[in-house]
Amino acid sequence: MLEIANITKTFHPGTPNEVRALRDVSLRLEAGSFLIIIGTNGSGKSTLLNAVAGTFLVDEGQIGLAGHSITRWSEHQRAKLIGRVFQNPFSGTAPNMSIAENLALAARRGQPRGLGWGLTRKLRQELQARIRTLNMGLESRIDNPIGTLSGGQRQALTLLMASWLKPELLLLDEHTAALDPKSADQVIRLTHEIIQRDRLTTLMVTHSMQQAVNLGNRIVMMHRGRVLHDLQGPERARVRPEDLLKRFDEVRRREQLDPAVADMLQKNYV
Amino acid sequence: MILLIGATSIGLILALLALGVYLSFRIFNFPDITADGSITLGAAVTATLLAHHWAPAVATLAGFAAGMVAGTITGLLHTKFKINELLSGILVMTALYSVNLHIMGKSNVPLLNESTLASQAEQVASYLFRGPADLNVLGWPVSIRDFAVLSGVLALVVLVGLLLYLFFQTNLGTAMRATGDNPQMIRALGVSVDYILILGLALSNGLIALAGSLLAQYQGFADVQMGIGMVVWGLASVIIGESLVGGRRIGLLIVGAVMGSILFRQLVAIALRWGLNPNDLKLITAGFVFVALVAPALLRKFKSAPAKPAAA
Ligand SMILES: Nc1ncnc2c1ncn2[C@@H]1O[C@H](COP(=O)(O)OP(=O)(O)OP(=O)(O)O)[C@@H](O)[C@H]1O
Ligand SMILES: [Mg+2]
């Protein structure tokens with residue numbers, strides 16, 4: 001279970017570049033639930049995921065995950081509990097290392113790394129078997145550098161890596177945005193399979209209303225560092241892509257008002 | 001022949017420097033200038049201990065350990081105090097100059113009458129070959145001492161290279177390579193990039209100090225100036241090695257760094273034989289590294305240039 005309580009993050013505070021990226025955000029995510037986050041550019045979606053992953057520490061508020069208070073944990077400590085796939089296919093893998101080596105690294109996510117042999121024969125067989133399930137023909141190329149693969153193949157492998165040791169929380173930040181439509185479909189299908197199979201608690205950011213409606217069991221819409229809508233249960237079940245687009249239009253209309261007024265309206269509205 | 005044997009021995013000793021430079025510059029992309037100070041540190045610690053009649057093996061290990069401490073400090077300056085990579089190295093290198101002087105108590109410690117790894121190797125060899133001062137290798141007379149030092153150094157470098165290769169296949173070593181390749185990824189897999197970097201710099205400077213320690217024992221003295229320009233020499237060896245072996249497999253690159261160092265020293269020896277002014281050596285080495293750094297980009301430019309008129 002993930003519990004985010006009143007977190008705030010301001011970048012460059014007290015300077016002309018000040019950005020209040022998260023303003024008092026609270027979210028409670030039951031174990032096994034799959035939350036989709038949507039919102040306009042710059043609304044704070046990535047910042048929220050980064051706050052949970054520990055890329056930076058939040059200014060205020062608390063974050064709890066699987067019974068631990070992780071608010072002050074560093075990023076690599078949180079990695080024990082969290083699996084992650086980034087938007088950029090280059091971010092999630094080490095390009096000059098082989099497919100097998102990358103997966104071997106992921107097979108020890110959050111565990112101590114000593115002088116034990118990295119790629120044992122047993123592990124090789126195991127990861128070959130798992131790579132075969134991707135149906136991408138990569139199982140015969142596990143000693144090739146991962147940098148020679150396409151973006152879609154790399155994202156599929158990153159997904160495999162993030163979920164190799166069942167994480168308490170899976171974070172997906174527009175992980176198909178950089179892919180061509182066919183690869184994106186493939187990766188989304190894989191995402192769905194893995195999350196279903198392992199019942200992973202998941203936070204996924206997307207700009208695709210189709211994905212938002214087809215995947216997951218809850219939709220949150222962010223705007224200006226706040227949670228604007230939170231669709232769950234029957235309301236979520238009824239929602240169609242057009243409904244979500246309508247909510248984006250509302251936001252855009254309100255945006256055209258004076259920002260101060262908009263802010264005030266928003267406060268009353270939420 | 002004697003010239004080449006000498007150059008090969010020094011090349012093998014400085015291969016440890018090349019391996020250290022390879023670790024920091026290539027694996028971590030960390031331009032670690034500490035090397036100039038840590039190679040002298042290794043020499044200073046070993047020479048001083050030898051002058052106090054410590055066992056050569058212990059004195060050598062102490063040099064290695066001192067280098068690890070220096071690397072750790074550079075790593076701490078960079079990770080904990082957020083000092084820029086180059087500056088962290090420069091600070092430690094500069095501080096080491098004074099430290100080295102303090103350790104040695106003067107600017108030069110001679111080792112002519114001390115027992116060193118070199119003199120021990122010579123003793124072992126003359127015991128094995130029972131006596132003659134010169135050996136006959138392919139018709140050339142080679143002094144026992146040169147032969148013994150060369151074989152000893154060769155064995156040691158092969159051992160270190162092998163250990164390094166094995167280390168890079170362990171869980172920790174794999175994580176270290178990944179840290180240089182993609183820090184964001186390895187952090188998301190639960191590795192403290194700071195910790196790995198400090199460990200890597202410690203290892204790198206340990207190897208470099210070990211090179212200094214052996215160099216002092218080989219040439220029979222430690223000098224506070226002996227480290228100047230060593231980073232660039234190490235880098236030159238790494239670059240030569242990379243072009244010798246091609247590819248990016250870690251085992252090949254380790255072999256390449258060793259071969260690069262030997263080849264580089266031989267080139268230097270031949271150039272000096274041909275009458276190159278030793279004072280110009282560092283200038284030429286720097287020029288060589290400069291060319292090696294910019295040549296790949298220039299070549300790419302030339303290759304892609306003719307494509308333009310064809311398209312027009
Ligand atoms: N590290 C940072 N330093 C400074 N400003 C930042 C940083 N990260 C995010 N921001 C700012 O915080 C705001 C929210 O950014 P964020 O990346 O969370 O938006 P997003 O909802 O993910 O947008 P997108 O849909 O474009 O990915 C933006 O104004 C952004 O410029
Ligand atoms: Mg984003």
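The legends below describe close-up views of a predicted model.

**View 1. Overall form of chain A.**
Chain A contains 10 helices and 10 strands. Its radius of gyration is 20 Å, close to the 18 Å that the globule rule gives for 270 residues, so chain A is as compact as a globular protein of that length. The C-alpha trace of chain A spans about 65 × 40 × 35 Å along its principal axes.

**View 2. Burial, contacts and surface of chain A.**
Among the 270 residues of chain A, 53% count as buried. Of the contacts in chain A with a separation of 6 or more, 68% are between residues 24 or more positions apart.

**View 3. Charged side chains.**
Chain A carries 36 positive and 27 negative side chains. The centres of these two sets lie 4 Å apart. Over all chains, the count of salt bridges comes to 15.

**View 4. The salt bridge between Glu3(A) and Arg28(A).**
The side chains of Glu3(A) and Arg28(A) meet in a salt bridge, with an N to O distance of 3.3 Å. This pair links distant parts of the chain: Glu3(A) belongs to strand β1 (residues 2-11) of chain A and Arg28(A) to strand β2 (residues 19-29) of chain A, 25 residues apart. Glu3(A) has a relative accessible area of 33%, so it is partly exposed. Arg28(A), at 41% relative accessibility, also counts as partly exposed. A network of salt bridges links Glu3(A), Arg28(A) and Glu30(A).

**View 5. The salt bridge between Arg124(A) and Asp143(A).**
Arg124(A) and Asp143(A) form a salt bridge through their side chains, at 2.9 Å from N to O. Distant parts of the chain are linked by this pair, 19 residues apart: Arg124(A) is in helix α4 (residues 121-132) of chain A, while Asp143(A) is in the loop between α4 and α5 (151-163) of chain A. Arg124(A) counts as partly exposed because its relative accessibility is 26%. The value for Asp143(A) is 36%, so this residue counts as partly exposed.

**View 6. The salt bridge between Glu242(A) and Arg240(A).**
In the salt bridge of Glu242(A) with Arg240(A), the closest N and O atoms are 3.5 Å apart. With a relative accessible area of 42%, Glu242(A) is partly exposed. Arg240(A) counts as partly exposed at 45% relative accessibility.

**View 7. Surroundings of Ser88(B).**
Ser88(B) is part of helix α4 (residues 85-104) of chain B. Its relative accessibility is 0%, under the 20% limit, so Ser88(B) counts as buried. With neighbours within four places in sequence left aside, Ser88(B) is in contact with Thr74(B), Leu77(B), His78(B) and Ile83(B).

**View 8. Surroundings of Gly63(B).**
Gly63(B) is found in helix α3 (residues 56-79) of chain B. Gly63(B) is buried, its relative accessible area being 0%. Not counting residues up to four places away in sequence, Gly63(B) touches Gly42(B), Val45(B), Thr46(B) and Ala209(B). Gly63(B) and Leu203(B) are 140 residues apart along the chain, and their C-alpha atoms are separated by 12 Å.

Methods. Residues are numbered from 1 along each chain as its sequence is written. Chains are lettered from A and ligands numbered from 1 in the order in which they are written. This is a predicted model: local features need pLDDT of at least 70, side-chain atom pairs count only at pLDDT 80 or more; totals for chains, interfaces and linings use all residues. Side-chain values use heavy atoms; hydrogens and water are left out. Helices (H or I, at least four residues) and strands (E, at least two) are DSSP runs, numbered from the N terminus. The radius of gyration is taken over C-alpha atoms; the globule rule is 2.2 Å times the number of residues to the power 0.38. Buried means under 20% relative accessible area, exposed over 50%, partly exposed in between (1.4 Å probe, protein chains only). Contact means heavy atoms within 4.5 Å. Lys and Arg count as positive and Asp and Glu as negative; His and the chain ends are not counted. The place of a charge is taken as NZ of Lys, CZ of Arg, CG of Asp or CD of Glu. A salt bridge is a side-chain nitrogen of Lys or Arg within 4 Å of a carboxyl oxygen of Asp or Glu.
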